[in-house]
Structures are given as C-alpha cells and as structure tokens.
Amino acid sequence: MNRLIPAGILLLATLGAGQAPAAEQRVTLPDGRQAVLHDDFTWRYLNDVPSGAATPVPVAPASVVVEPASVRVEPGRDKPVLQLSKGGVELLLQPARYQDGRLVIPTRLGNHGSQSVISVVVALTLSDEQGRPLGKEQIRVLTAIKRLPDTYFRPGSRRQGQDIALAVPRADAYRLSADITEVLYR
C-alpha cells in the first residue's frame with residue numbers, strides 16, 4: 001500500500017508536466033502597437049522590443065482589459081487594416097477600397113490551432129474621423145459545411161475569407177473597431 005501512494009503521485013506529476021500551455025492572446029493597443037498576453041499574467045510587445053531584450057512583466061489580472069482594436073482605415077491605401085486573433089484563428093483585414101457605395105475590406109485567415117474551424121464571426125463598428133457612428137455589424141467571414149469535411153478550415157492552413165462590405169458614405173478615412181466574437185470548431 002505504501003508503494004502505491006508514491007507511484008500515484010509520480011504518475012500525476014508526469015501527466016501534469018506533459019500538458020501544453022493555453023493559447024496566448026494578441027491585442028492591439030490604441031496607439032497601434034501589438035502585445036501578446038500570456039496565461040501566466042505576463043506580456044510582451046510584438047514589434048517594438050529588440051529580440052533578446054524582452055522580459056515578461058507580471059500584470060495583475062484585474063488591470064488587463066482587452067477591448068476591441070480601433071484603427072484608422074484609409075480606402076485605396078496599400079496597407080493592411082488590422083490583424084486579430086482568437087482561439088488559434090488569425091484574421092487579417094487586408095487593404096480597404098471604396099467600391100459601388102461600399103467600403104470593402106478583403107479578409108485572409110490562418111488556422112494556427114489544433115482543430116478544424118467551421119465558422120468565424122467578426123463584430124465591426126465603423127465611425128467617421130470625428131467619431132460619429134456609421135454602422136455596426138456582425139459578419140461571418142468563414143463558413144464551412146458541417147457534413148462536408150473538404151470545406152473545413154484545417155489546422156496549419158491559410159485561406160481567403162469573406163469580404164467585409166459596409167454601405168457607408170465615401171470618405172478619405174474611417175475609424176474601425178473590430179473583434180472576433182465567435183470561432184466554431186469541428
């Protein structure tokens with residue numbers, strides 16, 4: 001009996017050590033810098049810190065507030081609008097254009113998770129440069145068919161998503177807040 005207790009503790013310790021850490025969360029700060037939030041309450045900047053110099057800084061859980069990213073969108077400019085990430089899915093909002101009375105933003109998706117994805121929904125709020133709201137929508141940028149495995153968004157792959165098209169008055173620039181609100185797995 002005494003031999004079973006240390007063997008059980010050793011077994012539990014071995015099982016616990018093999019578990020993978022939870023996914024990290026990427027956020028875009030209001031000034032455009034990006035940071036990675038880790039599940040151990042540490043964080044690091046993605047772009048502004050030279051490699052080797054980044055040391056995680058403890059952050060109190062109550063002080064971490066992740067709000068939807070807000071960026072300036074200029075139609076016709078050859079610059080990606082925004083990059084979002086949730087649950088292993090990365091969503092890149094590509095350069096925007098104004099076409100037929102609509103602001104069109106093409107999307108590109110990457111699946112860095114371990115499961116196939118069947119749906120991705122993004123919530124968008126568009127404002128003019130003075131902050132007056134122009135529209136608020138939830139758009140499904142990826143849809144697969146549950147019973148057709150060939151349509152699933154497989155781990156380790158990239159694909160074009162559904163274009164985001166918002167009917168708004170033409171302007172030189174807009175303010176966009178966006179957040180991935182739903183990722184469904186198969």
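Two strands count as paired if DSSP finds at least two bridges between them. By that rule, strand 11 and strand 12 (residues 133–143) of this predicted model pair in the antiparallel sense over nine bridges.

**Strand 11 and its partners**

Strand 11 covers residues 117–127, and nine of its 11 residues are buried. In the hairpin of strand 11 and strand 12, five residues lie between the strands, and G131 takes a positive phi near 90 degrees.

An open sheet has four strands in the order 6-7-10-13, with antiparallel pairing. Strand 6 (82–86) and strand 13 (158–160) stand at the edges; each has a single partner strand, so one side of each is left without a neighbour in the sheet. From one strand to the next, the twist averages 20 degrees. Strand 6 is joined to strand 7 (residues 89–93) by five bridges, and the two run antiparallel.

| Strand pair | Bridges | Facing residues |
|---|---|---|
| Strand 6 and strand 7 | five bridges | K86 and V89 |
| Strand 11 and strand 12 | nine bridges | L126 and G135 |

**A loop residue**

D100 lies in the loop between strand 8 (97–99) and strand 9 (102–105). Although D100 is not a glycine, its phi is positive, at about 50 degrees. Exposed means over 50% relative accessible area; D100 has 69% relative accessibility and therefore counts as exposed.

How values were computed:
Residues are numbered from 1 along each chain as its sequence is written. This is a predicted model: local features need pLDDT of at least 70, side-chain atom pairs count only at pLDDT 80 or more; totals for chains, interfaces and linings use all residues. Side-chain values use heavy atoms; hydrogens and water are left out. Buried means under 20% relative accessible area, exposed over 50%, partly exposed in between (1.4 Å probe, protein chains only). Axes are lines fitted to C-alpha atoms, for helices over the stretch in contact, and angles run from 0 to 180 degrees between N-to-C directions.
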